[in-house]
Amino acid sequence: MAPRALAATLDTLPPPVLPLIDADAAGPDELRDLYRMLSNVRRLDAAAVAWQRQGLIPGYAPMLGQEAAQVGAGAAVDATRDFVFPTYREMGVAYTLGVNMVDYMSTHKAIWHGGLYDPVATGFAPFQAVVGGSVLHAVGWAHGQTLNGVGAVGVDGGLGVGLAFLGDGASSQGDVHEAMNFAAILKAPVVFFVQNNGWAISVPTEQQVAGGSVAARAAGYDMPAVRVDGNDVLAVLTATQRAVAHARAGLGPVVVEAMTYRRGPHSTSDDPGRYRTLDDEKIDGGEDPLSRFRSVLLASNAADAAFFAEADAQAQQQADDVRDGVVALSSRPGSEMFDFVFQESTPTLGAQARQWREESEHV
Amino acid sequence: MSNALQNDTLESDREMASTPLVQLSMQQAINRALGEILEADDRALIFGEDVGVLGGVFRVTDGLQARFGANRVFDTPLAESGILGTAIGLAMAGFHPIPEVQFDGFAYPAVNQIITQLARMNYRSRGTLPMPVTLRVPSFGGIRAPEHHGESLESLFAHVPGLKVVSPSNPQQAYHLLKHAAAMPDPVIFMEPKARYWNKAGVNLSDNLTDSASDSGSVEGSVIARPGKHATLIAWGAMVSRCLQVAELAAEDGIELEVLDLRWLKPIDEAGLSASVSRTRRAIVVHEGPHTAGLGAEVAALVSQSCFDALRAPVERVTGFDVPYPSGDLEDEYIPNIDRILFGVQRVLEYRRG
């Protein structure tokens with residue numbers, strides 16, 4: 001199998017209606033900022049795996065190898081008006097949007113399923129454990145932006161865009177078909193951002209996605225699509241910016257398929273040695289997205305070795321700081337089990353909460 | 001239903017007397033309520049299969065798209081999971097969706113979104129993403145329909161943390177309970193007894209009804225549909241009118257049956273159940289859904305616990321059977337009928353401790 005980054009491109013997205021930031025023309029400061037984000041995410045991801053091994057957190061779903069896809073996509077989002085609908089492997093997107101990483105990691109410390117961050121304030125929906133579960137929510141939310149009747153082309157700079165994150169595995173779910181069909185019929189401002197990372201736990205894309213590409217399906221919904229090298233952060237950024245601009249202009253949904261590679265295990269409980277070899281990983285994974293971007297920065301004189309050393313050291317420091325925060329995270333009071341079931345609780349639930357309190361305090 | 005009111009509802013009786021009753025079928029009452037909801041709340045949206053131009057297969061949404069436009073009342077593709085998932089996203093965007101699933105059995109493809117998402121989003125988000133979604137589901141059997149058009153889903157949904165479940169038994173309740181449900185900040189499964197869509201009754205359209213335990217427009221808890229002293233029949237949806245028929249027949253033999261219309265299947269009105277059965281000392285719960293792990297088991301457990309000393313007989317359950325809902329030709333054999341309910345009454349009345 002050829003390196004996945006070399007997958008043939010597909011691009012049916014028309015030229016942008018709204019002005020676009022040209023990633024290729026990004027200045028050295030922006031490029032260095034992108035590298036810092038990649039490096040921060042890489043270090044934090046590796047740290048989280050270590051925390052699991054140390055017993056600090058019970059589990060984690062690593063995103064090693066998907067940094068360019070996630071940072072590139074996240075950097076195209078305007079968190080003040082867009083809304084990201086993640087799965088359980090979007091730490092890099094959350095980071096890029098500015099979600100507090102201790103609050104994010106709280107879900108992996110088993111403190112609270114959805115995480116402790118505020119989804120409304122951050123524009124990042126609660127951590128989602130159901131594969132494909134939130135894709136339809138992005139469509140509904142985005143249709144709501146259309147119904148709000150503000151932000152059409154030329155007004156307020158365009159619509160808020162819902163970004164649904166999903167993987168090649170999730171693309172097998174019926175909900176993803178329903179979401180794409182609904183979105184296309186409603187002309188909802190949605191970007192379906194697919195990280196095709198080659199694996200759904202142990203099952204390779206070849207056994208998962210008939211035809212090999214989720215982006216190729218878009219034509220059937222009369223939706224434009226871009227398939228992009230998901231390990232090229234600038235390519236992902238540009239593709240996502242174009243897709244967001246298209247949706248923002250009220251022209252309907254877009255599929256972006258970032259061809260990347262899950263270099264690590266599915267989760268800290270997974271053992272990839274049972275379904276692929278280290279050689280497979282080396283060949284299929286292609287060049288590491290961070291080293292690729294380092295080459296780009298060096299070639300354009302946007303950064304030098306000293307910058308990388310400093311950025312990587314700072315990334316490590318940040319990961320250490322997040323670790324301190326995760327260590328300090330305390331359990332939520334048990335009463336919260338009852339507090340958030342409803343906005344308006346019920347007598348039955350109130351009675352259960354009282355009984356829980358009496359009997360747990362007795363012990 | 002004028003004979004169905006308790007003594008303690010005289011006040012609302014008087015209020016009803018001063019407000020003209022409008023004769024409406026349940027289908028008309030729900031249609032009217034939906035129109036008023038859309039009128040009063042510009043964030044309310046109605047969508048589902050065929051709810052727009054057609055006005056729904058039961059015409060419950062008749063005329064609403066013409067009145068409020070295709071942005072407020074719209075047809076969706078034929079995909080129930082898509083309807084519910086989109087409703088969740090719209091709620092996240094600040095809307096108040098009132099989606100329709102065309103028939104009870106069509107809710108099954110949406111069960112994943114209902115259970116794993118709708119019911120949990122408020123919890124998962126620590127209250128920052130409320131789900132003010134009222135899901136209308138034409139429910140239960142009795143209309144000789146094809147397979148998957150006669151299901152009783154209340155025990156399934158009542159079991160799911162984060163959902164509230166309600167079923168009106170008459171037009172008056174349908175009108176007021178729907179308006180109440182649509183104003184609630186939590187997800188409500190609104191189970192409409194489709195067999196009762198066309199039965200007309202007086203509806204008091206006033207919003208200023210006292211919230212007493214009467215059938216006059218209160219929206220909380222259960223109501224006593226008919227007072228009695230020898231045993232309590234507990235029912236909801238279309239089974240309430242059947243139990244009222246049973247009570248009428250039993251009265252001819254001098255047996256005074258109380259009929260308690262549970263209405264809210266989650267949360268269950270434990271105090272109302274307890275008050276009634278403490279007086280009558282005998283209880284029969286009647287529902288269309290299958291017997292095993294049906295909602296009757298929950299009701300029986302609650303009654304047994306709260307009325308143990310008062311009970312003169314074990315709580316009886318008269319229910320559907322543990323079989324797939326049968327074809328129309330056999331549904332009268334399946335749905336609790338008058339004879340089967342009377343047998344249940346007989347069992348609790350004749351019970352003697354061994």
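**Exercise 1.** Determine which residues Val166(B) touches, leaving aside residues up to four places away in sequence, and decide whether Val166(B) is buried or exposed.

*Solution.* Step 1: in this predicted model, the contacts of Val166(B) beyond four places in sequence are Leu177(B), Ala181(B), Val188(B), Phe190(B), Arg263(B), Trp264(B) and Leu265(B).

Step 1: Val166(B) itself belongs to strand 6 of chain B.

Step 2: a residue is classed as buried when 20 or more other C-beta atoms lie within 10 Å of its own. Val166(B) has 26 C-beta neighbours inside 10 Å and therefore counts as buried.

Step 3: for Val166(B) and Gly221(B), the C-alpha to C-alpha distance is 9.6 Å, although 55 residues separate them in sequence.

**Exercise 2.** Describe the domains of chain B and the side of domain 1 of chain B that touches domain 2 of chain B.

*Solution.* Step 1: the domain assignment divides chain B into domain 1 (12-203) and domain 2 (223-350).

Step 1: 26 Å separates the C-alpha centres of domain 1 and domain 2 of chain B. Their contact involves 25 residues from domain 1 of chain B and 22 residues from domain 2 of chain B.

Step 2: on the domain 1 side, two or more residues come from each of helix 7 (154-158), strand 6 (164-166), helix 8 (171-182) and strand 7 (188-193) of chain B.

Step 3: by residue class, this side of domain 1 of chain B comprises eleven nonpolar, nine polar and five charged residues.

**Exercise 3.** Characterise the side of chain B that touches chain A, and state which helix gives the most to it.

*Solution.* Step 1: the contact between the chains involves 36 residues of chain B and 34 residues of chain A.

Step 1: helix 4 (80-92), helix 5 (111-118) and helix 6 (121-124) of chain B are the elements that give two or more residues to the chain B side. Helix 4 of chain B gives the most, with nine residues.

Step 2: the chain B side contains 16 nonpolar, 16 polar and four charged residues.

Technical notes. Residues are numbered from 1 along each chain as its sequence is written. Chains are lettered from A and ligands numbered from 1 in the order in which they are written. This is a predicted model: local features need pLDDT of at least 70, side-chain atom pairs count only at pLDDT 80 or more; totals for chains, interfaces and linings use all residues. Two residues are in contact if their C-beta atoms, placed from the backbone, lie within 7 Å. Helices (H or I, at least four residues) and strands (E, at least two) are DSSP runs, numbered from the N terminus. Ala, Val, Leu, Ile, Met, Phe, Trp, Tyr, Cys and Pro count as nonpolar, Asp, Glu, Lys and Arg as charged, and the others, Gly among them, as polar. Domain bounds come from an automatic or database domain assignment. A residue is buried if 20 or more other C-beta atoms lie within 10 Å of its own, exposed if 12 or fewer, and partly exposed in between; C-beta atoms are placed from the backbone.
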